[in-house]
Amino acid sequence: YVASHKQTYVPDHPLFVPLQIGTSLHEPLNGYLHDNSEENISGKNRSYCELTGQYWVWKNQTADYYGFYHYRRYFSFKREKYPYVIYDYPDTATLDSMSCQTDFMKIFISQYDIIVPEAENMHETAWQNYSRAPHHYIEDLQLAADIVRQQHPEYASALRSYLNGSKLYLKNMYIMKHELFHQYCSWLFPILEEFDQRNNWDKYHGNNAAMRVDGYLAERLFGIWYTHLKQTERIKTYELSRVHF
């Protein structure tokens, strides 16, 4: 699923599905799936960002594997080991250079339980990185961490390891098997719902970027979940470079 809040170019590719996020807050886009039908949280898009699309897919779509891109961030299936590379535009020639041919992608994906972005070394802890990032409040990450400890005490080791480490899995991008995707969403969204209830939203007044807090937190929560997954289950995983257009 290629998430976008506005009309943008999505390549005509059998595995790429345009998905409008925050549809309930905007005019529906032609040629897109919309995240405001059936069971949805589309109206929360200002704080949940691309997660309203991921929630909608979780509740309303069935697939063997689920993957999520942004309209200007994809995975490269070349076995490069960079956090991200930059290209101008996702045209056919560029996709071919990224090894995004349909048959190759299907074979590659089927070999793994989960594919995540190449870990990016921030050269500071996740705590420090969050505290220094624009429009972020460290008390939000502290509250989210407290909720993880309360709802899932078995994640304490992964939480300490990830938030005190310097390598982050960012951008809410991944490809994973059906069972893992449902496991992740069943873990993530109750944490964010509890955060929404306990958070002091007044501090974001007039700051639309800061309002995207649930999306920011999910980037860190995903890393905690993924770290725990690797600690506790035998899974086949691979890290791919992100491509920024």
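Biologist: What radius of gyration would a compact globule with 245 residues have, and what does the protein chain have?

Modeller: This is a predicted model, and that applies to whatever we read from it. With 245 residues, a compact globule would have a radius of gyration near 18 Å, and the protein chain has 17 Å, which agrees with that expectation. Along its principal axes, the C-alpha trace spans about 45 × 40 × 30 Å.

Biologist: How many helices and strands does the protein chain have, and what percentage of its residues is buried?

Modeller: The chain has nine helices and twelve strands. A residue is called buried when its relative accessible area is under 20%, and buried residues make up 55% of the 245 residues here.

Biologist: Which residues have the most contacts inside the largest nonpolar core?

Modeller: That core has 55 residues, and those with the most contacts inside it are Ile-114, Trp-187, Phe-222 and Trp-225. If we take Trp-225 and leave aside its neighbours within four places in sequence, we find it in contact with Ile-114, Tyr-155, Met-176, Leu-180, Gln-183, Tyr-184 and Trp-187. Apart from this core lies another, of 25 residues, among them Val-10, Leu-29, Met-98 and Phe-108.

Biologist: Which residues of helix H7 are buried, and what covers them?

Modeller: In helix H7, which runs over residues 156-163, the buried residues are Ala-158, Leu-159, Tyr-162 and Leu-163. They lie on the same side of H7, because they cover an arc of only 110° around the axis. What covers them includes helix H5 (126-132), helix H6 (138-151), strand E9 (167-168) and helix H9 (213-232).

Biologist: Why does Glu-118 count as buried, and which side chain makes a polar contact with the side chain of Glu-118?

Modeller: Glu-118 lies in the loop between strand E7 (114-117) and strand E8 (120-121), and it counts as buried because its relative accessibility is 14%, while the cut-off is under 20%. Its side chain makes a polar contact of 3.3 Å with the side chain of Lys-81. Leaving aside neighbours within four places in sequence, the residues in contact with Glu-118 include Lys-81, Tyr-82, Pro-83, Leu-168 and Arg-242.

Biologist: Where is Thr-52 placed, and what is its relative accessibility?

Modeller: Thr-52 is in helix H2, residues 51-60, and at 0% relative accessibility it counts as buried. A polar contact of 3.2 Å joins its side chain to that of Asn-45. Beyond its neighbours within four places in sequence, Thr-52 is in contact with Ile-21, Gly-22, Asp-35, Ile-41, Ser-42, Lys-44 and Asn-45.

Biologist: I would also like to look at the backbone angles. What is phi of Ser-99, and what is phi of Lys-171?

Modeller: Ser-99 has a positive phi of about 60°, although it is not a glycine, and Lys-171, also a residue other than glycine, has a positive phi near 85°. Ser-99 is found in the loop between helix H3 (92-97) and helix H4 (102-110), and with a relative accessible area of 19% it is buried. Lys-171, for its part, lies in the loop between E9 and strand E10 (174-177).

Key. Residues are numbered from 1 along each chain as its sequence is written. This is a predicted model: local features need pLDDT of at least 70, side-chain atom pairs count only at pLDDT 80 or more; totals for chains, interfaces and linings use all residues. Side-chain values use heavy atoms; hydrogens and water are left out. A nonpolar core is a set of buried Ala, Val, Leu, Ile, Met, Phe, Trp, Tyr and Cys residues joined through side-chain atoms within 4.5 Å. Buried means under 20% relative accessible area, exposed over 50%, partly exposed in between (1.4 Å probe, protein chains only). Contact means heavy atoms within 4.5 Å. Helices (H or I, at least four residues) and strands (E, at least two) are DSSP runs, numbered from the N terminus. The arc is that of the directions from the helix axis to the C-beta atoms. A polar contact is a pair of N or O atoms within 3.5 Å; within protein, one must be able to donate a hydrogen and the other to accept it, and residues adjacent in sequence count only if both atoms are side-chain atoms. The radius of gyration is taken over C-alpha atoms; the globule rule is 2.2 Å times the number of residues to the power 0.38.
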